[in-house]
Amino acid sequence: MKGGAFILWLRWSLLSLALAAAVPWPAHAADVLLDFTPTELRRIQSHGLWPPATSSTPARDPGNGLATNPQAVALGQRLFFDTRLSEGGRLACASCHVPGLAFADGQARAVGRDTLSRNTPSLWNAGHGRWWAWDGAFDSLWSQAIAPLTHPQEMASSGAHIRQLLQTDAELSRRYQRSTGRKPETVLDEAALVDAAKALGAFVGSLQSGPTAFDQFVRALGRGDRQAASRYPVDAQRGLRLFVGKGQCSTCHHGPMFSNGEFADIGVPFFVRPGVVDAGRHGGIEQLRASPYNLLSRWSDAADAQTRVKTQHLAPAHRNFGEFKVPSLRNVAETAPYMHDGQLATLEAVVRHYSELNLDRLHADGEQVLKPLKLTEAEVADLVAFLRTLSDPKARQWRPRDLPACKAARG
């Protein structure tokens, strides 16, 4: 690793160490177990178990033939931290997705993006998604990676620039050949761009966070261990009861990922500034359909109809205007600020948004699901306490994995 890449790596490593002690972990102040009803228990159990069993987890990047290739994951890890991927060596993927900040950036809106300037989402568990970006403009991790690589206000790179880097850096060249079976000098510029994006997709797809205090609680309930379950903080238990009951939060934030993977209007204004409106999912669908790198394109490795069908029949509808992705709540306490434009600074502000929801801001589809929760201050605190237990204690402490040995390819 050279130059700017090393400096970037060192910077986030030191930041990770500084933040590690601040990772919230619930204290076991009192051993109390609430008397959950059978309905509540079923809803609670519907969010487990995490992490999912490896044997039942599919490849985590649709249309990416490199997704499960360990050499490609290792190449992607190298590229993720390499500022040389960008024009002028200014940025790496890790410049905005900082491991020490739970693979987000801690900013309300991403720096250097286009006029929409949305919040930078965390990459933890991104491989378990269905659509990517706040508007779902991408149907795979690898196609999403192409956008920041080539955007003139982000990394401003190109296929020619990436192919030259892969060709002239001996270590990257060897890793590229071990991953793809081809030498970088033998492929076209666009193929080098796509291959680099697929390596990045393979790496990002490998970022799966670990179990949380909530997951320990679910396991204890499942095995009937009341003593262990009672160590889960009682305010978090009350917040969990609100989450699966009165709050109806699990309607959209359901399953082990705490997200249905789709899009919703939640009453957040989508006016960026005078004259500029973020169309959300409506614009994302149009962008996805026009993309030369979607799952229907010649660059996709998705041969089966089941993988391709989600894109094939996608069409924008009026109701999609102003809808944004329902994010996963795993590690949510580590990734402030919140919403697609980062306008809410704290979890308390997010909960109060739903408590005081303005129905006039919702279109008809949203109004059928959402209603003002009218929470008390104590209920707001309990719900936030629960959300904090969805964090992996190591979410800000990721360390680079050991890379597979890469000897010079023969022949």
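Which residues are linked with Arg-84 in a network of salt bridges? In this predicted model, the network joins Arg-84 with Asp-82 and Asp-169.

**Salt bridges**

Across the whole structure, a search finds 21 salt bridges.

| Pair | N to O distance | Accessibility class |
|---|---|---|
| Arg-118 and Asp-135 | 3.1 Å | Arg-118 buried, Asp-135 buried |
| Glu-171 and Arg-174 | 2.9 Å | Glu-171 partly exposed, 22%; Arg-174 partly exposed, 28% |
| Glu-377 and Arg-352 | 2.6 Å | Glu-377 exposed, 54%; Arg-352 partly exposed, 29% |

The side chains of Arg-118 and Asp-135 meet in a salt bridge with an N to O distance of 3.1 Å. Both Arg-118 and Asp-135 lie in the loop between α4 (93-96) and α5 (141-150), so this pair ties together parts of the chain that are 17 residues apart in sequence. Arg-118 is buried, and Asp-135 is buried as well.

In the salt bridge between Glu-171 and Arg-174, the side chains meet at 2.9 Å, N to O. Because these two residues are 3 residues apart in helix α7 (residues 170-180), about one helical turn separates Glu-171 from Arg-174. Glu-171 counts as partly exposed at 22% relative accessibility, and Arg-174, with a relative accessible area of 28%, is partly exposed too.

The salt bridge of Glu-377 with Arg-352 has an N to O distance of 2.6 Å. Glu-377 is exposed, at 54% relative accessibility, whereas Arg-352 is partly exposed, at 29%.

**Packing of α3 and α8**

The description of a packed pair of helices rests on the angle between the two axes and on the distance between them. For helix α3 (residues 70-80) and helix α8 (residues 189-205), the axes come within 7 Å and cross at roughly 100°. Angles of 65 to 115 degrees count as roughly perpendicular, and α3 is therefore roughly perpendicular to α8. From α3, the contact is made by Ala-72, Val-73, Leu-75, Gly-76, Gln-77, Leu-79 and Phe-80, while α8 contributes Ala-196, Ala-199, Leu-200, Ala-202, Phe-203 and Val-204. By residue class, this contact of α3 with α8 comprises 11 nonpolar and 2 polar residues, with no charged ones.

**Two buried residues**

Thr-311 is found in helix α13 (residues 305-312). With a relative accessible area of 3%, Thr-311 falls under the 20% limit and is therefore buried. When neighbours within four places in sequence are left aside, Thr-311 is in contact with Trp-131, Asp-139, Leu-288, Asn-294, Leu-295 and Leu-296.

Leu-344, by contrast in location, sits in the loop between β4 (324-325) and α14 (347-355). Its relative accessible area is 15%, so Leu-344 also counts as buried. Leaving aside neighbours within four places in sequence, Leu-344 is in contact with Pro-337, Tyr-338, Met-339, Ala-349, Val-350 and His-353. Leu-344 and Val-268 are 76 residues apart in sequence, and their C-alpha atoms are 10.0 Å apart in space.

Definitions and conventions
Residues are numbered from 1 along each chain as its sequence is written. This is a predicted model: local features need pLDDT of at least 70, side-chain atom pairs count only at pLDDT 80 or more; totals for chains, interfaces and linings use all residues. Side-chain values use heavy atoms; hydrogens and water are left out. Axes are lines fitted to C-alpha atoms, for helices over the stretch in contact, and angles run from 0 to 180 degrees between N-to-C directions. Helices (H or I, at least four residues) and strands (E, at least two) are DSSP runs, numbered from the N terminus. Angles under 35 degrees count as roughly parallel, over 145 as roughly antiparallel, 65 to 115 as roughly perpendicular and the rest as oblique. Contact means heavy atoms within 4.5 Å. Ala, Val, Leu, Ile, Met, Phe, Trp, Tyr, Cys and Pro count as nonpolar, Asp, Glu, Lys and Arg as charged, and the others, Gly among them, as polar. Buried means under 20% relative accessible area, exposed over 50%, partly exposed in between (1.4 Å probe, protein chains only). A salt bridge is a side-chain nitrogen of Lys or Arg within 4 Å of a carboxyl oxygen of Asp or Glu.
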